[in-house]
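Please examine the sequence and the three-dimensional structure shown below before reading on. The report is written for a reader who is new to describing proteins.

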Amino acid sequence: MKVGIIGLPQTGKKTLFQILTGKEITEPGKALKPVPGTADILDSRFNILRDMYGPKKDVRARIDLVLLPKMEAETIARGDIFKDIADMDAICHVVRAFEDDAIYHEDGSVDALRDFQMVNSELVMHDQIFVEKRIERLEAMVKKIKDEDQQKELTLMIRLKEHLEQELPLRLLELSEDEERLIRSYPFITRKKLVVAVNVSEDDLGDEALLAGFKESCDRLTIEVMLVSAKVEAEIALLDSEAEKAEFLEDLGITTTTLETLTRLCLKSLNLISFFTVGTDEVRQWLVRENSKAPVAAGVIHSDLQRGFIRAEVFKYDELIALGSEAELKKNGKVYVEGKEYIVKDGDILNIRFSV
């Protein structure tokens with residue numbers, strides 16, 4: 001599952017990518033092609049479970065991130081950037097909202113909402129051009145040979161075109177299973193989930209008015225949006241200890257790092273949730289598709305657990321923290337035995353019983 005990071009030049013997307021993945025980009029040539037990396041999922045629940053169990057080993061869940069070339073006139077005209085985006089499962093669009101005279105803006109001024117809307121329009125236009133070309137081809141084919149599937153696809157494409165002409169992304173359009181099948185292999189970008197990270201200065205991290213200005217547009221387009229300060233996160237990354245980081249955040253009045261929020265929203269965009277396995281040997285975070293049944297989650301751990309699944313012993317993170325230990329959970333009847341139909345919830349702690 002890959003999240004592509006996109007944005008206009010000088011938005012701070014490379015800085016965010018480097019902080020998230022720990023991968024430094026020093027070669028200028030790499031800016032012209034996708035740069036893959038892997039980021040830890042930053043989840044405070046994992047930290048608390050690790051401290052509670054003191055395991056010999058702890059393993060965070062990870063997510064694949066890809067830094068895509070900057071969206072400038074050249075890459076847009078060539079179309080390469082759209083091919084790269086089409087290969088992603090979701091998109092994180094970094095938008096510049098910080099003022100810095102030392103960092104140029106190609107439009108001469110910083111206007112985050114303008115830039116956000118401009119990139120959105122480019123993405124919609126890409127899908128619109130594809131649909132229009134496909135309609136032309138289908139109309140020519142239907143004239144030659146009457147084919148029921150082609151006629152169905154033509155009808156659908158006309159519907160998609162009318163939707164896109166309203167400057168609306170395709171993810172807002174409800175499609176039947178048959179319609180999904182017809183277009184599954186096509187490189188539509190606006191069907192993908194989108195997270196917008198508005199890169200602000202330290203002083204604007206708590207700017208609710210700025211966030212509200214985005215939320216109105218984003219909520220209507222089912223886009224997740226958040227404020228992030230790449231500069232602040234870079235300073236946090238340089239600190240040596242967790243205690244120093246906690247003190248720095250406290251001084252800024254921040255309870256959750258913006259990178260934790262960003263990775264959480266990326267998971268949400270991919271329809272992924274976290275569950276945990278715990279013990280003195282290992283505490284580990286796992287990712288599974290939302291609405292997955294217990295055997296599927298067991299299969300994420302190991303295929304044998306899914307194949308020989310008997311039951312899952314489940315307890316809830318919040319209840320564990322409230323009661324303080326597994327022993328107290330058992331005393332209070334808070335350890336649940338679930339079968340194959342159980343739907344795993346975000347934050348579940350699982351112990352799988354199996355036999356192969």
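**Overall fold**

The model discussed here is a predicted one. Its chain contains 15 helices and 12 strands. The C-alpha trace spans about 70 × 60 × 40 Å along its principal axes. Of the 356 residues of the chain, 44% count as buried. Among contacts in the chain with a separation of 6 or more, 68% are between residues 24 or more positions apart.

In soluble globular proteins, nonpolar side chains tend to be buried together. The largest nonpolar core of this model has 34 residues, and those that touch the most other members are Met-71, Ile-85, Val-196, Val-198 and Phe-214. Several elements each supply at least two residues of this core, including helix 4 (80-86), strand 5 (90-96), strand 6 (193-199) and helix 8 (208-220). Helix 5 gives the most to this core, with four residues.

Which residues does Val-196 touch, not counting residues up to four places away in sequence? Val-196 touches His-93, Val-95, Phe-116, Ile-223, Glu-224, Val-225 and Met-226.

A second, separate core consists of 29 residues, among them Leu-65, Ala-90, Cys-266 and Leu-267.

**The cavity**

Rolling a probe the size of a water molecule over the atoms shows where empty space is left. The structure holds one cavity of 30 Å³ or more, and the volume of the largest cavity is about 30 Å³. The lining of this cavity is formed by Ile-5, Leu-20, Leu-65, Cys-92, Leu-262, Thr-263 and Cys-266. Helix 11 (residues 258-269) provides the largest share of the lining, three residues. By type, the lining residues divide into six nonpolar, one polar and no charged.

**Aromatic rings**

A pair of aromatic rings is described by the distance of the centres and the angle of the planes. Five aromatic pairs are found in a search of the whole structure. Two of these pairs are set out in the table.

| Pair | Distance of centres | Angle of planes | Arrangement |
|---|---|---|---|
| Phe-130 and Phe-188 | 5.3 Å | 85° | edge-to-face |
| Tyr-186 and Phe-188 | 6.2 Å | 85° | edge-to-face |

Phe-130, Tyr-186 and Phe-188 form one aromatic cluster.

Is Phe-130 buried or partly exposed? Phe-130 has a relative accessibility of 24% and therefore counts as partly exposed, because buried means under 20%. Phe-188 has a relative accessibility of 4%, so Phe-188 counts as buried. Tyr-186 is buried as well.

**A loop residue**

Where is Lys-340 placed? Lys-340 is in the loop between strand 11 (336-338) and strand 12 (348-354). Leaving aside its neighbours within four places in sequence, Lys-340 is in contact with Lys-293, Ala-294, Pro-295 and Phe-309. Lys-340 and Asp-89 are 251 residues apart along the chain, and their C-alpha atoms are separated by 28 Å.

Terms used:
Residues are numbered from 1 along each chain as its sequence is written. This is a predicted model: local features need pLDDT of at least 70, side-chain atom pairs count only at pLDDT 80 or more; totals for chains, interfaces and linings use all residues. Side-chain values use heavy atoms; hydrogens and water are left out. On a 1 Å grid over the protein atoms alone, a cavity is a set of points where a 1.4 Å probe fits but cannot get out, and a pocket is an open set with protein on both sides within 12 Å along at least five of seven lines; lining residues have an atom within 4 Å of a point. Grid points are joined across faces, edges and corners, and a volume is the space filled by probe spheres set on the points. Ala, Val, Leu, Ile, Met, Phe, Trp, Tyr, Cys and Pro count as nonpolar, Asp, Glu, Lys and Arg as charged, and the others, Gly among them, as polar. A nonpolar core is a set of buried Ala, Val, Leu, Ile, Met, Phe, Trp, Tyr and Cys residues joined through side-chain atoms within 4.5 Å. Buried means under 20% relative accessible area, exposed over 50%, partly exposed in between (1.4 Å probe, protein chains only). Contact means heavy atoms within 4.5 Å. Rings of Phe, Tyr and Trp (its six-membered ring) pair if their centres lie within 6.5 Å; planes under 30 degrees apart count as stacked, over 60 as edge-to-face and the rest as tilted.
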